[in-house]
Amino acid sequence: MAPGSIGVDGDAIVSEIYIAASPEDVFRALVDPDLVVKWWGGQGAEQTFRCTHFEADLRPGGRWRSCGFDGLGRPFEAGGEYVEIVRPCLLVQTWVASWAAQVKTTVRWELRPAGEGTMVRHKHSGLAAHPPLGRSFRGWPRMLGWLGAFVESGETVNDRWLAS
């Protein structure tokens, strides 16, 4: 897995990462409730949280929801609606997070075959009207790293949690 890159403009945070796995495997890790809770979370100086519940009605107009707790044990929730799904290469969803004043933004996942793996391009947009939100979502490259480590080698949030 190559390190992720990040680009920030006035409205969006864009991250890219190469994951040595098929687009189908990466897509499944993004939407399968049993898999999401295995990789989404970790401990660290900048971000400590853990997703403990994920649900997905995987169809345009279907809802998704993620719940968990932060490093202080406070609950969080993020959720929204699936806008566009082209399996296994595109997933677009609205994003509303409890820690972000319930502002609705958009997350777009593009998965392109690249050599023996997948180039994942992630774009979180709709941030221009709420500049502090952009700062709160700069952890996406780290999360993409967690996704890659899980899909490539089976590393789970438990592995990271116990190692910290």
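The model is predicted. Its chain of 164 residues has 46% of them buried, and its secondary structure amounts to five helices and nine strands.

**Overall architecture**

- Along the sequence, the elements follow the order β-β-α-α-β-β-β-β-β-β-β-α-α-α.
- Of the contacts between residues at least 6 apart in sequence, 47% link residues at least 24 apart.

**Packing of helix 1 and helix 4**

- Helix 1 spans residues 23-31 and helix 4 spans residues 140-153; the two pack with their axes 10 Å apart, at an angle of about 120°.
- Angles of 65 to 115 degrees count as roughly perpendicular and those over 145 as roughly antiparallel, and helix 1 and helix 4 are therefore classed as oblique to each other.
- The crossing of helix 1 and helix 4 is right-handed.
- Helix 1 contributes Asp 25, Val 26, Ala 29 and Leu 30 to the contact, while helix 4 contributes Leu 147, Phe 150 and Val 151.
- By class, six nonpolar residues and one charged residue form this contact between helix 1 and helix 4, with no polar residues.

- His 122 is located in strand 9, which covers residues 117-125.
- The relative accessible area of His 122 is 0%, so this residue is classed as buried.
- Leaving aside residues up to four places away in sequence, His 122 touches Ile 13, Val 14, Ser 15, Val 107, Arg 108, Trp 109, Trp 140 and Leu 144.

**Cysteines**

- A disulfide is a covalent bond between the sulfur atoms of two cysteines.
- The criterion for a disulfide is a pair of cysteine sulfur atoms within 2.5 Å, and the count under this rule is zero.
- For Cys 51, the closest cysteine sulfur belongs to Cys 67 and lies 7.5 Å away, so the separation is too far for a bond.
- Cys 67 is likewise in no disulfide, the nearest cysteine sulfur being that of Cys 51.
- Cys 51 is buried, with a relative accessible area of 2%.
- Cys 67 has a relative accessible area of 12% and is also buried, because the cut-off for that class is under 20%.

**Cis peptide bond**

- The peptide bond from Arg 87 to Pro 88 is cis, and its omega is near 5°.
- Pro 88 sits in the loop that connects strand 6 (75-86) with strand 7 (90-97).

Key:
Residues are numbered from 1 along each chain as its sequence is written. This is a predicted model: local features need pLDDT of at least 70, side-chain atom pairs count only at pLDDT 80 or more; totals for chains, interfaces and linings use all residues. Side-chain values use heavy atoms; hydrogens and water are left out. Helices (H or I, at least four residues) and strands (E, at least two) are DSSP runs, numbered from the N terminus. Buried means under 20% relative accessible area, exposed over 50%, partly exposed in between (1.4 Å probe, protein chains only). Contact means heavy atoms within 4.5 Å. Axes are lines fitted to C-alpha atoms, for helices over the stretch in contact, and angles run from 0 to 180 degrees between N-to-C directions. Angles under 35 degrees count as roughly parallel, over 145 as roughly antiparallel, 65 to 115 as roughly perpendicular and the rest as oblique. A crossing is left-handed if the near helix is turned anticlockwise from the far one by less than a right angle, and right-handed if clockwise. Ala, Val, Leu, Ile, Met, Phe, Trp, Tyr, Cys and Pro count as nonpolar, Asp, Glu, Lys and Arg as charged, and the others, Gly among them, as polar.
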